[in-house]
Amino acid sequence: MNLKGNTVLITGGASGIGYALAEDFLKAGSEVIICGRREEKLLEAQKKHPEFKIKKCDAASDAERAELVQWAVSNFKNLNILVNNAGIQRDIDFKKGIAEYKAGPNEIAINLEAPIVLSGMFIPYLTGKEGAAIINVSSGLGFVPAAKMPVYSATKAGLHVFSMALRHQLKTTGIKVYEVIPPAVDTDLNAEGRASRGGYKANLGPEEFAAAVMKKLEADVFEIGYGMTENSINASRADLNKSFEQMNSRW
Ligand SMILES: NC(=O)c1ccc[n+]([C@@H]2O[C@H](COP(=O)([O-])OP(=O)(O)OC[C@H]3O[C@@H](n4cnc5c(N)ncnc54)[C@H](OP(=O)(O)O)[C@@H]3O)[C@@H](O)[C@H]2O)c1
């Protein structure tokens, strides 16, 4: 991928990994549009980088997804890269039945349905554009699920499989499909869950992670892992089972 001269839309681009990728694409010479639900976070990001274009959007809402696509394609004719990064993570205990699942926001709509629907809606506009790409941000937990976050892990496994299938389907369209597979990164994701695990803090910052991702995007690596997730991509089933036991016996 050429990192320069693109017009990139990043969902959830006002914080964490999305923000770090947004800064890196900007630095590399691309135009960057970020969206998310909290207007104040978008404005804060734009204050730091006035070049950022911002759009308030709830990617879990079908109507707001449609509005985002219409706004983006009519204002940015050269839009050629979609980064499906927005995500949430929840601890859900199914020993309590369905109650906890029902009590919070819908991870399936945000983490899995949004990338699927946004990809489908943008593909007609990306087709034929130079350097067209879809970048899906999944997770190491899509390869080795965390028992405490069963729905989150399932959405990320789903996004991994979707990315593989989409990459194959789009071969003839010129749209490249990349999957970014972060390990634990120090962001605001699931702050509540992290607090309940004694204030767990990952020792990898989003800037360091994003810098590594950019290098791999440039080298056209289509499944981008880092550290532990680099191993998971190529691990045997036995290795994945071992990691699963190790991780879930700690939590
Ligand atoms: N941090 C990690 O350890 C880790 C590990 C593996 C994978 N990931 C993945 O990396 C991606 C980025 O997460 P992060 O760690 O950078 O956490 P983060 O800082 O919390 O970023 C998530 C972003 O998504 C946005 N978002 C959430 N729900 C949204 C919705 N319904 N519509 C639009 N935007 C929405 C949030 O903005 P608003 O709240 O303003 O909407 C926020 O900017 C996620 O897909 C996450 O699953 C993270």
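The structure is a predicted model, in which local features need pLDDT of at least 70 and side-chain atom pairs count only at pLDDT 80 or more, whereas totals for chains, interfaces and linings use all residues. Residue numbers start from 1 along each chain as its sequence is written.

Helices here are DSSP runs of H or I, at least four residues in length, numbered from the N terminus.

Two packed helices are described by the angle between their axes and the distance between the axes. The axes of α1 and helix α8 (residues 206-218) come within 8 Å and cross at roughly 55°; axes are lines fitted to C-alpha atoms, for helices over the stretch in contact, and angles run from 0 to 180 degrees between N-to-C directions. The two helices α1 and α8 are therefore oblique to each other, given that angles under 35 degrees count as roughly parallel, over 145 as roughly antiparallel, 65 to 115 as roughly perpendicular and the rest as oblique. The crossing of α1 with α8 is right-handed, that is, the near helix is turned clockwise from the far one by less than a right angle. On the α1 side the contact involves G16, I17, Y19, A20, L21 and D24, which meet P206, E207, F209, A210, A211, V213 and M214 of α8; residues are in contact if their C-beta atoms, placed from the backbone, lie within 7 Å. This contact of α1 with α8 comprises 10 nonpolar, one polar and two charged residues.

F209, in helix α8, counts as buried because 25 C-beta neighbours lie inside 10 Å; the term requires 20 or more other C-beta atoms within 10 Å, with C-beta atoms placed from the backbone. Leaving aside residues up to four places away in sequence, F209 touches I17, A20, P182, V185, L204 and Y226. F25 sits in helix α1 and is likewise buried, with 24 other C-beta atoms within 10 Å. Its contacts, again not counting residues up to four places away in sequence, are L3, N6, V8, S30 and V32.

Helix α5 (residues 107-126) takes part in two further pairs. Its axis and that of helix α3 (residues 62-75) come within 10 Å and cross at roughly 30°, so α3 and α5 are roughly parallel. Here R65, V69 and V73 of α3 meet A114, V117, L118, M121, F122 and Y125 of α5, a contact with eight nonpolar residues, no polar and one charged. With helix α6 (residues 150-169), the axis of α5 comes within 8 Å and crosses at roughly 15°. The helices α5 and α6 are therefore roughly parallel too, and their crossing is right-handed. By class, the contact of α5 with α6 has nine nonpolar, four polar and two charged residues.

Key
Buried ≥ 20, exposed ≤ 12 C-beta atoms within 10 Å, placed from the backbone. Contact = placed C-beta atoms within 7 Å. Nonpolar A, V, L, I, M, F, W, Y, C, P; charged D, E, K, R; others polar.
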